[in-house]
Amino acid sequence: MTTLVFGHKSPDTDSTGSPLVWAWYLNEVKGVDAKPVLLGQPNTEAAFMLERWGFDMLDIIEDVADDQPCVIVDTNNPAELPANINGADVQAIIDHHKLVGGLETKGPIDITIRPLACTATIMYDLMGDDAAKMPENIKGAALTCILSDTLEFRSPTTTDRDREVVAALAADLGINVTEYAAEMFAAKSDVSAFSDAELIRMDSKEYEVSGTKFRVSVLETTAPEIPLGRKESLIETFKTVAAEDGVDEVLLFVVDILKEEATLLIPNDVVKGVAEKSFGATVEGDAVVLPGIMSRKKQIIPNLAV
C-alpha cells in the first residue's frame, strides 16, 4: 500500500514542500512507494513554490483510512491532522515543533523532532550523503521551505544549520537567496483573491490556553497594508469563524516581514486582555503593534496568557 506523506491542515510552504521532499526520498532512495498529499489548499507562497519548480498540484485528502501507512511531517499535533489519524498506520514523524501528545501508533515508529527552523532542514540532515541525489525541483522545494520558515533568516527560530543548508542548496541551484526570497514573499503577500474567512484560516493553528480555545492565525507579508486595509471586515468575520471552528476566540497577527513586527487585531476585551498579559502591550483601539514579534512557534504561542 502506498505510504502517504503529509503535514498539517492549512498547509503553509513547509507542509507543502516537505512532503514532496520526503516522498522523493522514500521512493528514490529507500524504495518505498510513497505519495505526498495535502490536508487543505496551500497558501499563495506554497502555490508559488509548486509552480516555480514545476510540480503538479498535490492531491488534497479529507481523512485517512484505517491502517493507511503514513508519515507525518511538520507537526505532531492531532488537532492539525486527519480525524482518523490514530486509526492509520503512522510509520514516522519528522517535525520541529514542541511535542504535543495524543497520537497513538500501531507499533514503534521513527520520530525525529529537532529544534531547527524548518522540517526540510531536518530532512536534509536525515538523508546524509543521499541529499546530494535530490533533483533540482526537490532542492528548490527544500530551499523554499527553509527560507519561508526562517523568513529569510529574520525569524528568531533560525539556526546556523538552517543557514548552512540554504547556502548549500542555493549554491547547487545557482540562486540568489535575497532575490528569490523577495519573489516568495511577494507571492505570499498577494492575498487579494481570498475572502476574510479564508485569510483567517490560511496559516492558522488551534491552541487552548487556560481553558480558552484559540485559533491563532498569522499572515506574513511584505505588504501589511493589504490585509490591514480589511481590518473591520476581518474582525467582523472572527465570530463566524470561531463558531464554525468550535473555538472561543480568533487571534490574527499580521506580520510585517520587513519591519519585523506584528499587528494583532483586537475585536473585544478578551483579546485586549490577551495582548496586555501576553506581550505587555498597551492597547488602544482595534489593533496593536507588537515590535519584534515574528514567530508563532517561538514568540506567540509560548507567551499566550488569558
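## Pockets: terms and basis

On a 1 Å grid laid over the protein atoms alone, a cavity is a set of points where a 1.4 Å probe fits but cannot get out, whereas a pocket is an open set with protein on both sides within 12 Å along at least five of seven lines, and lining residues have an atom within 4 Å of a point. Grid points are joined across faces, edges and corners, and a volume is the space filled by probe spheres set on the points.

The model is predicted, so that local features need pLDDT of at least 70 and side-chain atom pairs count only at pLDDT 80 or more, while totals for chains, interfaces and linings use all residues. Residues are numbered from 1 along each chain as its sequence is written, and side-chain values use heavy atoms, with hydrogens and water left out.

## The largest pocket

The largest pocket holds about 560 Å³ of space, and 39 residues line it, with Asp12, His97, Lys205, Arg296 and Lys297 lying nearest its centre. The elements that each give two or more residues to this lining are α2 (44-52), α4 (136-150), α6 (177-189), β6 (204-209), β7 (212-221) and α11 (296-300); here helices (H or I, at least four residues) and strands (E, at least two) are DSSP runs numbered from the N terminus. The greatest contribution comes from β7, with four residues.

By class, the lining of the largest pocket comprises twelve nonpolar, 14 polar and 13 charged residues, where Ala, Val, Leu, Ile, Met, Phe, Trp, Tyr, Cys and Pro count as nonpolar, Asp, Glu, Lys and Arg as charged, and the others, Gly among them, as polar.

## The second largest pocket

About 330 Å³ of space lies in the second largest pocket, which is lined by 19 residues, and Lys9, Ser10, Pro11, Arg201 and Arg215 are those nearest its centre. Both α7 (196-202) and β6 supply at least two residues of this lining, and its composition by class is six nonpolar, five polar and eight charged residues.

Nine of the ten residues of β7 are buried, leaving the strand mostly covered; buried means under 20% relative accessible area, exposed over 50%, and partly exposed in between, for a 1.4 Å probe and protein chains only. Strands are taken to pair if DSSP finds at least two bridges between them.

On one side of this pairing pattern, β6 and β7 run antiparallel and are joined by six bridges, with Glu208 having Lys213 in β7 as its bridge partner. The two strands form a hairpin with two residues between them, and Ser210 in the turn has a positive phi of about 50°. Strand β8 (residues 249-256) runs parallel to β7, to which eight bridges join it, and Val255 in β8 stands opposite Glu220.

## Strand β4 and the cysteines

Strand β4 (residues 89-95) is largely enclosed by the rest of the structure, because five of its seven residues are buried. Five bridges join it in the parallel sense to strand β3 (residues 69-73), where Cys70 has Val90 in β4 as its bridge partner. Pairing of β4 with strand β5 (residues 110-113) is also parallel, over four bridges, and Ala92 has Asp110 in β5 as its bridge partner.

The structure holds zero disulfides, a disulfide being a pair of cysteine sulfur atoms within 2.5 Å. Cys70 is in none, and the nearest cysteine sulfur, that of Cys145, is 19 Å away; Cys70 counts as buried because its relative accessibility is 0%. The sulfur of Cys118 is 5.1 Å from that of Cys145, the closest cysteine sulfur, which is too far for a bond, and Cys118 likewise counts as buried at 0% relative accessibility.
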